[in-house]
Amino acid sequence: METVVPPVSSNEQPDITFACVHCASALVVDSAAQGMTLACQKCGKPTQVPSRGTTPGGDPANSARLSDLERQLKENESQRTEITAYINQHSIQLHRWQLRLQTLNERHQELQKQLRSGE
């Protein structure tokens with residue numbers, strides 16, 4: 001796979017959203033990758049990152065589709081972040097309850113042992 005070193009930019013540019021030419025999977029890369037050939041995350045085939053401001057074929061419908069895909073990707077990432085936070089929060093709470101249950105089980109065994117020895 002041939003890679004092209006992108007020009008160094010002094011100002012920060014937004015990400016580039018484009019579709020894989022093989023599987024049409026939506027891809028988002030840093031603007032520094034424009035012109036490079038990267039492996040698609042879905043199909044693994046080499047895909048060229050377009051230059052900023054160009055869309056494959058220059059089709060306005062494709063540009064609108066890519067804008068919609070970019071919006072969907074951002075929304076999806078926001079939801080993933082929210083769900084991951086919920087999972088982490090609930091995992092911590094689950095661990096606390098497991099420790100509490102363990103303590104109660106140990107106390108239960110100790111009380112049963114004391115009860116048997118007192119008979």
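The structure is a predicted model, in which local features need pLDDT of at least 70 and side-chain atom pairs count only at pLDDT 80 or more, while totals for chains, interfaces and linings use all residues. Residues are numbered from 1 along each chain as its sequence is written, and side-chain values use heavy atoms, with hydrogens and water left out.

We can begin with the strands, which, like the helices, are DSSP runs numbered from the N terminus (E, at least two residues, for strands; H or I, at least four, for helices). Strand β1 (residues 16-19) runs antiparallel to strand β2 (residues 26-29), and four bridges join them; strands pair if DSSP finds at least two bridges between them. Ala19 stands opposite Ala26 in β2. Six residues lie between the two strands of this hairpin, and Ala24 in the turn has a positive phi of about 65 degrees. In a regular strand, side chains alternate between the two faces of the sheet. In β1, Ile16 and Phe18 on one side and Thr17 and Ala19 on the other are all buried, where buried means under 20% relative accessible area, exposed over 50%, and partly exposed in between (1.4 Å probe, protein chains only).

Thr47 belongs to strand β4 (residues 46-48). Thr47 counts as buried because its relative accessible area is 1%. Beyond its neighbours within four places in sequence, Thr47 is in contact with residues including Phe18, Ala19, Leu27 and Met36, contact meaning heavy atoms within 4.5 Å. The side chain of Thr47 also reaches the backbone oxygen of Lys45 at 3.3 Å.

Turning to the charged side chains, a salt bridge is a side-chain nitrogen of Lys or Arg within 4 Å of a carboxyl oxygen of Asp or Glu. The count comes to three. Asp68 pairs with Arg71 at 2.8 Å between the closest N and O atoms, and Arg71 pairs with Glu75 at 3.3 Å, so that Asp68, Arg71 and Glu75 are linked in a network. Asp68 and Arg71 both lie in helix α1, three residues apart, whereas Arg71 and Glu75 are four residues apart in that helix. Arg71 is partly exposed, with a relative accessible area of 43%. Arg80 and Glu77 also meet in a salt bridge (3.8 Å, N to O). Because they are three residues apart in helix α1, about one helical turn separates Arg80 and Glu77. Arg80 is exposed at 51%, while Glu77 is partly exposed at 41%.

Conventions
Polar contact = N/O pair within 3.5 Å; in protein donor to acceptor, adjacent residues only side chain to side chain.
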